[in-house]
Structures are given as structure tokens and as C-alpha cells.
Amino acid sequence: MAFIVFVIINDLWQIVNYVNWYRGVTQWFYNTDIYGNRYFNASSGIIRATGIVGFFGLFGFINLIAFFLTRRYYTGKWKTLLLSSFLISLFLSFSYKTIGALLVLLFLQYKNKLKFFQIVGILFVIALIAIPKVVASMGESIILRLEQYVTEGDSARAESYRVMFAEISNFNLFGRGVGSFGGPASVTYNSPIYSEHHFNWFYTIDLTTTDTFFPHLFVEMGLIGGLLYLLVLLAPLTLSWKRDKFKLVFAVYFALFFDALFSYSLNNIAFLIVSIGFLYPLYFYREEEPILTEDVYNPIDS
């Protein structure tokens with residue numbers, strides 16, 4: 001319950017963030033460029049929702065968890081409103097990886113796959129009619145990211161994996177050091193790894209990090225360090241989960257590793273605290289009675 005309340009507070013506070021953004025007020029979570037100018041993360045011309053956590057990726061992720069928690073455990077009359085609120089907030093974060101994870105998870109959980117595609121298709125058509133410029137901008141943004149990170153043979157992501165496999169073939173067992181590859185710190189302090197592998201991703205326009213988790217992990221921590229890190233990360237899976245609870249566990253891990261394919265967020269301590277640390281209370285939670293016994297039809301949950 002405390003987690004759901006926390007997410008609701010974030011979603012309501014985002015209204016304040018929108019008002020301040022519209023008024024041109026500089027907010028505490030804005031970033032600063034090298035010239036001292038303040039800027040914010042935006043997509044499709046709209047500020048990305050951050051709530052009080054200050055980061056759009058985390059904001060979208062906590063709404064994802066809240067959605068599946070509410071979908072599973074809450075049976076009261078506000079269920080449809082809560083689920084809709086979490087979904088809208090998730091989409092307003094413009095966290096494309098989290099949105100993608102949501103769609104895949106819903107597809108896996110829906111018994112009627114045809115109905116799932118019908119609902120998604122209807123929502124897409126409505127969005128295309130209501131906000132065509134936003135949808136078009138989101139499409140362009142997704143294509144740009146795919147080109148910069150995935151499809152191009154010399155993309156930052158492809159180059160990162162090239163370096164990772166080269167380091168593995170050189171029997172890099174204990175790593176080159178945390179912060180030595182892929183992130184802004186490695187460029188600031190002139191890490192020698194880039195010149196060794198003839199890799200100059202940091203000269204790419206508008207690209208400040210390779211955002212590639214596994215190369216970060218295995219280059220910086222080595223084979224042994226990387227595997228130990230993953231073992232700690234996967235430790236909750238060794239518990240004897242009941243089937244219904246494991247569905248939530250699967251949702252958390254799928255969202256994390258889906259995100260890891262496209263970014264470095266799996267190493268973000270905020271994600272770990274919210275997701276992995278959240279699994280243990282879930283494991284020891286004993287479900288006795290529903291919060292409310294009133295049955296309410298919920299089209300999202302069908």
C-alpha cells in the first residue's frame with residue numbers, strides 16, 4: 001500500500017511539474033550543460049514526466065510496477081481509475097523501453113491475444129487522430145535511437161559489444177575498473193580503453209554515453225566480477241515463489257533486462273532499490289483478504 005501511495009503522489013505532483021514547465025520556471029531536476037544553461041529532458045516537444053523522483057526512467061518504471069501490483073491485488077471500486085492513471089503516467093514519461101516492456105508483458109499475460117491487438121490498435125488509432133504530431137515525433141525518435149544505437153554497424157552499441165568480446169577474448173577476468181568504459185567519467189578522465197580498441201563513440205553528435213549495460217559490466221568488472229554481480233542481482237529468484245507472485249517477479253525482471261538491452265539503467269541504484277529490493281517484502285507478504293470485496297468490471301484487466 002505504501003508503494004502505491006508513493007506512486008500516486010508522484011503522479012499527482014507531475015501536474016505541478018507541468019505547470020512550472022509551461023510557465024518557464026526552472027525546476028530542481030533540470031540538467032546543466034557545459035555553458036551553465038539549464039535544460040530538461042523532453043520528447044515530442046513535451047517535458048518527460050518525472051514526478052518527485054526526478055528521473056523520467058524511474059518515474060515510468062515505478063508506474064509499471066504499480067500497474068501490475070494494482071492489477072493483481074486491488075479489487076476495489078477505484079481499480080479502473082488507478083490502472084488508467086498508472087498507464088497514462090507511464091506513457092507520459094516517454095520511457096520507450098518501459099512502454100515496450102509493458103506491451104510485451106501484457107501480451108504474454110493476455111489469454112485472448114486477438115483482443116489484445118484489437119485494444120492496442122484502437123488506442124493507436126485514437127492517439128493518431130488526437131495527437132498526430134506527438135505520435136509522429138515519437139516514431140521519429142524511436143527510429144533515430146535505433147539508428148544510433150542498434151542498426152548501424154558502427155553504432156555506439158555495436159562498437160561497445162565489439163570491445164566487450166575483445167576484452168573477453170583477452171581473458172579479462174577482473175575488469176578494467178568501474179567507470180573506465182562507456183560512461184561520461186571514462187571520457188572526462190581519458191580512459192585508455194578507447195584508444196586501445198580504436199573506439200571514439202564520444203565524438204558522436206548528441207551522444208554522451210553508449211548506454212549499453214553488458215559491455216559496461218563485463219569490461220569494467222571482468223568475467224568473474226560481472227557474473228558475481230549478476231548472481232547477486234538474480235538472488236531473489238532462488239526463493240520458492242508462489243505462481244501468482246512469480247508473475248510480478250517475472251514482470252520486474254523482464255522490464256529490467258529489457259531495459260538493459262537498450263540502456264545502462266540496470267546498473268542504476270534507483271532501479272535496484274525500487275525493483276530488486278521490493279521483491280523480498282513481496283515474497284513474505286501473506287495475502288489474507290482483498291482490500292475491498294466489491295467486484296468491479298475492469299476492461300484493462302480482462
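Here is a walk through the model, from the whole chain down to single side chains.

**Stop 1: the whole chain**

Before you click on anything, keep in mind that this is a predicted model. Switch to a cartoon view: the protein chain has 12 helices and 4 strands. There are 302 residues in the chain, and buried ones make up 41% of them. What about contacts between residues at least 6 apart in sequence? Of these, 68% join residues at least 24 apart.

**Stop 2: the nonpolar core**

Now go inside. Select Phe 3, Ile 65, Phe 67, Phe 68, Leu 69, Leu 102 and Leu 279: these are the residues with the most contacts inside the largest nonpolar core, which has 57 residues. Which helix gives this core its largest share? Colour helix H2, residues 56-73, as it supplies 10 residues of the core. In soluble globular proteins, nonpolar side chains tend to be buried together.

Zoom in on Phe 68 next. Leaving aside residues up to four places away in sequence, Phe 68 touches Leu 102, Leu 105, Leu 106, Gln 109, Leu 248 and Ala 251.

**Stop 3: a serine in a loop**

Pick out Ser 93, in the loop that runs between helix H3 (79-92) and helix H4 (96-109). Is Ser 93 buried or exposed? Ser 93 counts as buried, because its relative accessibility is 0%, and the cut-off for buried is under 20%.

Who are its partners? Show the side chain of Ser 93 and the backbone of Leu 90: a polar atom of that side chain lies 2.5 Å from the backbone oxygen of Leu 90.

**Stop 4: rings and a charge**

Select Arg 48 and Phe 56: Arg 48 lies over the face of Phe 56, at 3.7 Å from the ring centre. Another arrangement of this kind involves Arg 72, which lies over the face of Tyr 73 at 4.6 Å from the ring centre.

How many aromatic pairs does the structure hold? The total is 18. Select Phe 29 and Tyr 30 to see one of them: the planes of their rings are at 85° and the centres 5.3 Å apart, so this pair is edge-to-face. Phe 29 is buried at 11% relative accessibility, and Tyr 30 is buried too, at 7%.

Compare that with Phe 55 and Phe 56, a tilted pair with 55° between the planes and 5.0 Å from centre to centre. Phe 55 is partly exposed, with a relative accessible area of 29%, whereas Phe 56 is buried at 13%.

**Stop 5: salt bridges**

The structure holds 4 salt bridges. Start with Arg 162 and Glu 159, where the closest N and O atoms are 2.9 Å apart. Both residues lie in helix H7 (residues 156-169), and they sit 3 residues apart, about one turn of the helix. Arg 162 is partly exposed at 36% relative accessible area, while Glu 159 counts as buried at 16%.

Next, select Arg 176 and show its side chain. One of its salt bridges is with Glu 167, at 3.0 Å from N to O. Glu 167 is buried, with 4% relative accessibility, whereas Arg 176 is partly exposed, with 32%.

Arg 176 also forms a salt bridge with Glu 196, their closest N and O atoms being 3.1 Å apart. Arg 176 is in the loop between H7 and helix H8 (184-188), and Glu 196 is in helix H9 (residues 193-196), so this pair ties together parts that are 20 residues apart in sequence. Glu 196 counts as partly exposed, at 45% relative accessibility.

Definitions and conventions. Residues numbered from 1 in each chain as written. Predicted model: local features only at pLDDT ≥ 70, side-chain atom pairs only at ≥ 80, totals over all residues. Heavy atoms only, no water. Helix = DSSP H or I, 4+ residues; strand = E, 2+ residues; numbered from the N terminus. Buried < 20%, exposed > 50% of the residue type's maximum accessible area, 1.4 Å probe, protein only. Polar contact = N/O pair within 3.5 Å; in protein donor to acceptor, adjacent residues only side chain to side chain. Core = buried A, V, L, I, M, F, W, Y, C linked by side-chain atoms within 4.5 Å. Contact = heavy atoms within 4.5 Å. Phe/Tyr/Trp six-rings, centres within 6.5 Å; stacked < 30°, edge-to-face > 60°. Lys NZ or Arg CZ within 6 Å of the ring centre and 35° of its normal.
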